[in-house]
Protein chains: 2
Amino acid sequence: MANSLKEFDLLHAIYSANPALPTNITIPPGDDMGELTLTGGSRVLVTVDQLAEGRHFVLKNTPLSLIARKAITRNLSDVAAMAAKPLGCVCAAALPRSFSLDNAKKLSQHLREAALAFDCPMFGGDVTVWDYPILLSVTIIAEPWLGIRPIQRSGAQPGELVCVTGTLGGSIISHNNYTHHLEFTPRVSLAKTLATRYKPTSMIDLSDGLGRDAGHIADQSGVNITLYANKLPCSTAAHIASQASGKTPWMHALSDGEDYELCFTIPFDQSEKLAKENWTVDDVRITPVGFVSQRFPGKPPVQLITPDAKTIDASNFGWEHI
Amino acid sequence: MANSLKEFDLLHAIYSANPALPTNITIPPGDDMGELTLTGGSRVLVTVDQLAEGRHFVLKNTPLSLIARKAITRNLSDVAAMAAKPLGCVCAAALPRSFSLDNAKKLSQHLREAALAFDCPMFGGDVTVWDYPILLSVTIIAEPWLGIRPIQRSGAQPGELVCVTGTLGGSIISHNNYTHHLEFTPRVSLAKTLATRYKPTSMIDLSDGLGRDAGHIADQSGVNITLYANKLPCSTAAHIASQASGKTPWMHALSDGEDYELCFTIPFDQSEKLAKENWTVDDVRITPVGFVSQRFPGKPPVQLITPDAKTIDASNFGWEHI
C-alpha cells in the first residue's frame, strides 16, 4: 500500500528528523541503546522494546514463562550489543480484559523471575487493561562496565573484519525441544569479554537479520560491507528450515532474523588474536563473515558474494517486523 | 465479573508478591518512581506509564499534539511526585497499520517537541505496527535534585497535615478552550520548591482521584487520613461538571482523577511557614484538606467528613482506569 506504515520507514523518518539534543544526551537515538549523562558525570544507558501478541509470540502456543523470558532477553540483547552492564528494568503491560487475573499474576511473576535471573531486577511497572491483545513494553537501564565505553554502530572502518557470534538462521524452528527465538541467552557476558580483549569498533545485535543489521552498521559508520555466503555460520535450524523452504541454509542465516547473536567489526590485528584463540571466546564460536570497505556512493551498503561468485545486494535481507 | 481483570487488584498482587530485590534497587516498586543506584553511587529514578487510545484519549477528538503532550506530561507528574529532576525519556509506540505514515511522523515529532519543551529530551524508542489501537508507553529517567532525597509515599506521620496543590475535579471538562487532563503543566518545579522549603514527609500525584491516591499514602505509610469535604479546592470544571452530573462539586474533586496535582503531608511547624506565605508557593495555591492519624485496624484508610458532618469511607473514591 502506498501509504501504509512500515517500521523501517518510520524509524528512518524519526532518526533523520532528530532535533539538536541537549548535551546530556551522550548517545542519541539510532543505536541499540541511548545514553545520558547524570549531573555528577555518571552515564546511564537505556533501551525500550515491545513484545506484541500475534507479532512476536502466539499466545495459545507459548507458555507464559517463555513470553516473559523473551520480553526480558530481547532487550538484554540490546544491552549486549553496546557491551554494557544491565542494572534493572521496568515493564508496561497492556492486557486484554479477557485475560484471567490468575494468568496476569503468573505473567507478572515470570517477568520478575526472568529479570532477576538475568541480573536485571524489575523495579517498576504499569498495567493497563483493555480489549486488545497483550503488549509488553520493557525498558532496561544499564551502565558502562568499568573502563569499557559502550560500543556503537558507527565505529566501523574500512579494512576491518566483520564477525558474528554463534550460528544463524531458523530461530523460529523448534528442534530437540529448543526454540531459539524464545530460549536464547543474551550475549551480555560474551560482549563484555569481546570488548575487554578484542576492542570491536562497532557492534549490533542480530534481531532483523544479518543483511539488514549489517546495513545499520554500514549506514551509521558510513562504510560498505561485503559478506560471503559460504562463510555464514548456519545453525542446525537453518538447515532444517531450508528443507521445508527450498531456500539455501545461507539464505536463512542471512535473513531470518531473531538470532540475537552479535555482529561486530574488528581491526585485522585483533582478528589475529582471535585466530590464536581458535576463533572461540568464552566457549562461543566467532566467525569472520566479511569485511568493511570505503563507502562508495550508489553501491548497496551491504553486498553478499554467493557460493557461485555472484554479487548481490544484501542490505534488505532481513525480517520486516510487520 | 468474578474473574475479570482489574488494575488495582493486579498491581496489589504484583507489589505484594515482590521478591527480595538486590540492594542496588533503592526504591522498590510501589512508589511513583523506582530508584536504582549505579556502581559509582549515583542514583537514577525511573517511571513508565501507558497512554491507550480509547482509554486515555479519543483519537478522532484529540489533536496529535495533545496526545503526545499528555504521554509526556502524565509521566512527568510522577517525577514531580518524587520531587525529582527529569533527565530524558524513551517512548515505545504501537501504531495501527491504518495510521498514515504522515500521522506517524507528526505524532513522533510532537512527542519529541513535548519532551524537549519539558526538559526531558527523548533519546530512544521503539515502533511496532499492528492491527489494534495506538498504545504509547513512555519511560522517564530522572535523578534527585542536588541535596533533595526523593519523597516517597511512605513517610506520613500521625499529626501531620494533608495538603493539595491547585484545584481538583472535572479534568475532562473543556471550558474556556482548556481541557485540564490534556493541557495541565506537571508540577515538577513546584515540587522542587516544596521539597526545598517545606520538607513534605510523603507525596503522590493525583491521577486516580484524591480519595484513592490519599489511600496509597495511608497504606504505604501505615496511617489513617481524614479529609474534609468543605476544604477541598474545587475547580471551575468541577462546578461545571456538577451541574450536569447532579453530584456536588466536592464529589468531583474527591473522585474524578487526572488532576495531576500533588497531594503531600507536612508537619505542623512546616504548615505554619506555609500559612505565613498565605498558602501560596510559586504562585500556586496550597490547600490543607485533612490530617494524618494513627492506623486503626478496621477503620477505612481514608475517611471524609461531609459538609453535614457525616463520616464516609473515601478510600475507593477515584477513577478505576478500566
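## Ground rules

Because this is a predicted model, local features need pLDDT of at least 70 and side-chain atom pairs count only at pLDDT 80 or more, while totals for chains, interfaces and linings use all residues. Residues are numbered from 1 along each chain as its sequence is written, chains are lettered from A and ligands numbered from 1 in the order in which they are written, and side-chain values use heavy atoms, with hydrogens and water left out.

## The sheet of chain B

Let's start with chain B, where six strands form an open sheet in the order β1-β2-β3-β6-β4-β5, with mixed pairing. Strands here are DSSP runs of E with at least two residues, helices are runs of H or I with at least four, and both are numbered from the N terminus; two strands pair if DSSP finds at least two bridges between them. The edges belong to β1 (25-27) and β5 (122-130) of chain B; each has a single partner strand, so one side of each is left without a neighbour in the sheet. On average, neighbouring strands are turned by 25° against each other, direction ignored.

Helix α2 (residues 64-81) of chain B lies across β3, β4 (84-96), β5 and β6 of that chain, and runs at about 140° to β3(B). For such angles, axes are lines fitted to C-alpha atoms (for helices over the stretch in contact), and values run from 0 to 180 degrees between N-to-C directions. Contact means heavy atoms within 4.5 Å.

## A closer look at β3(B)

What runs antiparallel to strand β3 (residues 43-52) of chain B, joined to it by eight bridges? That partner is strand β6 (residues 135-144) of chain B. Along this pairing, Q50(B) has S137(B) as its bridge partner, and V48(B) stands opposite T139(B).

β3(B) also pairs with strand β2 (residues 34-37) of chain B, in the antiparallel sense over four bridges, with T37(B) opposite R43(B). The hairpin of β2(B) and β3(B) has five residues between the strands, and there G41(B) takes a positive phi near 105°.

Strand β4 (residues 84-96) of chain A pairs with β5(A) in the parallel sense over seven bridges, and P96(A) stands opposite W130(A).

## Two loop residues with positive phi

N177(A), a residue other than glycine, has a positive phi near 60°. N177(A) sits in the loop between β8 (174-175) and β9 (178-179) of chain A and is exposed, at 80% relative accessible area.

Is Y260(B), by contrast, buried or exposed? Y260(B) counts as buried, at 2% relative accessibility. Its place is the loop between α8 (249-255) and β12 (262-266) of chain B, and its phi is positive, near 55°.

## How the chains relate

Chain B superposes on chain A by a rotation of 180° with 0.0 Å of shift along its axis, at an RMSD of 0.0 Å. That is the relation of a two-fold axis. The same surface serves both copies, since 100% of the contact residues of chain B recur in chain A.

Conventions
Buried means under 20% relative accessible area, exposed over 50%, partly exposed in between (1.4 Å probe, protein chains only). Copies are superposed by least squares on the C-alpha atoms of residues with pLDDT of at least 70 in both.
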